[in-house]
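Please load the model in the viewer and keep the selection tool at hand. The stops below are to be taken in order.

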Amino acid sequence: MKNLFLILILLFASSNIYPQQQKFEDSLRAIINKQAGDISEVNALALLANQQSNPDSKIYYVQKGMVLAQKLEYKMGLADCFLVRGMAMYQKDISENIQDALNALTIYKELNDNPGIIAAHLSLQGSYREIGDYKNALLYAQEGVRLAKVTNVKNAKFILHYGLNVGVALLAEISQTYLLANQLDSAKVYAENSIKEKELVGGAVWNFPYYLLSTIQNLQGNYKSALEGYRLAIPLAIQNGFFRDTLQIYSGMSTTFKNLGLLDSSIYYASLVERSQNPGREIKTFLEALNNLAEVYKLKGDKDSTLKYIEMNYINKDSIFSRDKERRIQNISFNEKLNQQ
C-alpha cells in the first residue's frame with residue numbers, strides 16, 4: 001500500500017510538471033523552426049537539447065547548435081553547446097564528456113562568464129568522481145564552491161533546475177566524493193552542512209543530502225537510521241521532480257536490507273533499479289543494484305541468478321570503463337595540466 005501511494009504521488013507530480021515543460025519546448029521549437037540562422041536559434045537549440053532526457057536527442061539538437069555557433073563565431077553559444085553535449089556524452093563516453101566540459105570551461109573563462117565557469121566545474125567534478133579520480137573531483141568542486149561564494153552566483157548554466165543553489169549543490173557533491181573515497185567523517189560534515197541550508201526544490205526540501213547522510217549511516221552500521229533517512233528522501237525526491245534520484249535511494253535501501261539480512265527486500269529494491277527504463281539512471285546506481293542482486297542470490301543459493309547478475313555487472317563495467325577510454329581520460333587530464341602550466 002505504501003509503494004502504491006508513492007507511485008500515485010509520482011504520477012501526480014509528473015502530470016503537473018509535463019505541461020509546463022512541453023510549453024517551454026514548444027516555444028523553443030517555434031524559434032528553431034523560423035530558421036533565422038542567428039544567435040537566438042543557437043540559444044534555443046542548446047536549451048532544447050538540455051530539455052531532452054534521451055542522450056541521442058540531446059546530441060542531435062546540440063550538434064546543430066554547434067555548427068551554427070561556429071558559423072556565427074558566437075563563442076558563448078559554442079561554450080553552451082559544449083557543456084550540454086558533454087552532459088549527453090556522460091552516459092555514452094565519459095572521456096568525451098570530460099573533454100567537452102574542459103572545452104566549455106576554456107571559453108567561459110575567456111568570456112568571464114561566471115555561471116558557465118561554475119557549471120563546467122560542477123560537471124567536471126562529477127565526471128572525475130565517476131572514474132574514481134577523487135583528487136580532481138574535489139579540486140573542481142571546492143573551486144566551484146569558492147567561485148560561487150565570491151561571485152554570488154546561485155544558478156549554474158543548464159545543469160540545475162528549479163532554482164537549486166549551486167553552492168549548496170556543490171557541498172553535497174563534495175560529500176558524495178568523500179563518501180566514495182571512504183572518508184566518512186568528511187562526507188558527513190559536508191552532507192550536514194548542505195542539509196543546514198534547507199534548500200527548497202519544487203516547494204520541498206532537497207532530497208539528495210538526506211540520501212547521502214543515510215548512505216553514510218549505512219556504511220557506519222546504523223541501518224535503522226539509514227532506512228529512516230531513505231524513506232524520508234523518497235517523497236522529497238518526487239516532490240523535487242528529480243525522479244532519477246528515487247533510483248539511487250532504492251539502490252541504497254537494497255544495500256541496507258542486504259546488510260540486515262532481509263534478502264527479499266534487498267532483491268525487491270535492487271530489481272526496481274535494474275528494470276528501470278529511466279534514461280537518467282546513473283551508472284553507479286545501476287552497478288550497485290546489479291552487485292546487490294548477485295550477492296543476495298548467492299546467499300540464497302540461486303546459482304543461475306547469481307551468474308546472470310555477475311555477468312551483467314561485468315559487461316556494464318567493461319562497456320563503460322574500457323581500457324581505451326581510461327587511456328583517453330588520462331591523456332585529457334595530462335593535456336589539461338600542461339595547459340594550466
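What percentage of the 341 residues in the protein do buried residues make up? Buried residues account for 50% of them, where buried means under 20% relative accessible area, exposed over 50%, and partly exposed in between, with a 1.4 Å probe and protein chains only. This is a predicted model, in which local features need pLDDT of at least 70 and side-chain atom pairs count only at pLDDT 80 or more, while totals for chains, interfaces and linings use all residues. Residues are numbered from 1 along each chain as its sequence is written, and side-chain values use heavy atoms, with hydrogens and water left out.

**Overview**

Display the cartoon of the protein, which has 16 helices and two strands. Helices (H or I, at least four residues) and strands (E, at least two) are DSSP runs, numbered from the N terminus. Of the contacts with a separation of 6 or more, 63% are between residues 24 or more positions apart; contact means heavy atoms within 4.5 Å.

**The nonpolar core**

Select Leu124, Trp206, Ile249 and Met253 next: of the 88 residues in the largest nonpolar core, these touch the most other members. Helix 8 (residues 166-180) gives the most to this core, with eight residues. Such a core is a set of buried Ala, Val, Leu, Ile, Met, Phe, Trp, Tyr and Cys residues joined through side-chain atoms within 4.5 Å. Centre the view on Met253; not counting residues up to four places away in sequence, Met253 touches Leu227, Tyr230, Arg231, Ile234 and Tyr269.

**Aromatic rings**

Stay with Trp206, which is buried with a relative accessible area of 6%. Phe208 also counts as buried, at 6% relative accessibility. The structure holds ten aromatic pairs. In one of them, the ring centres of Trp206 and Phe208 are 5.7 Å apart and the planes are at 45°, so this pair is tilted. Rings of Phe, Tyr and Trp (its six-membered ring) pair if their centres lie within 6.5 Å; planes under 30 degrees apart count as stacked, over 60 as edge-to-face and the rest as tilted.

How far apart are the ring centres of Tyr297 and Tyr309? The distance is 5.9 Å and the planes are at 5°, so the pair is stacked. Tyr297 in helix 14 and Tyr309 in helix 15 (residues 303-320) are twelve residues apart, and their pair links distant parts of the chain. Tyr297 is buried at 16% relative accessible area, and Tyr309 is buried at 7%.

Remain on helix 14 (residues 283-299) and select Thr285, which lies in it. Thr285 counts as buried at 1% relative accessibility. Leaving aside its neighbours within four places in sequence, Thr285 is in contact with Leu247, Gln248, Ser251 and Val273.

**The cavity**

Which residues line the largest cavity? Select Ser194, Ile195, Lys198, Glu199, Val205, Trp206 and Pro209. This lining divides into four nonpolar, one polar and two charged residues; Ala, Val, Leu, Ile, Met, Phe, Trp, Tyr, Cys and Pro count as nonpolar, Asp, Glu, Lys and Arg as charged, and the others, Gly among them, as polar. About 30 Å³ of space lies in the largest cavity, and a search of the whole structure finds one cavity of 30 Å³ or more. On a 1 Å grid over the protein atoms alone, a cavity is a set of points where a 1.4 Å probe fits but cannot get out, and lining residues have an atom within 4 Å of a point. Grid points are joined across faces, edges and corners, and a volume is the space filled by probe spheres set on the points.

Select Ala204 in strand 2 (residues 204-205); Ala204 counts as buried at 4% relative accessibility. Ala204 and Gln239 are 35 residues apart in sequence, yet their C-alpha atoms are 6.2 Å apart in space.

Finish with Lys198, in the loop between helix 9 (184-196) and strand 1 (200-201), and Glu73, in the loop between helix 3 (55-72) and helix 4 (75-89). Phi is positive in Lys198, near 50°, and in Glu73, near 55°. Lys198 counts as exposed at 64% relative accessibility, and Glu73 is exposed at 70%.

Key
1 Å grid on protein atoms, 1.4 Å probe; cavity = no way out; pocket = protein on both sides within 12 Å on 5 of 7 lines; lining within 4 Å.
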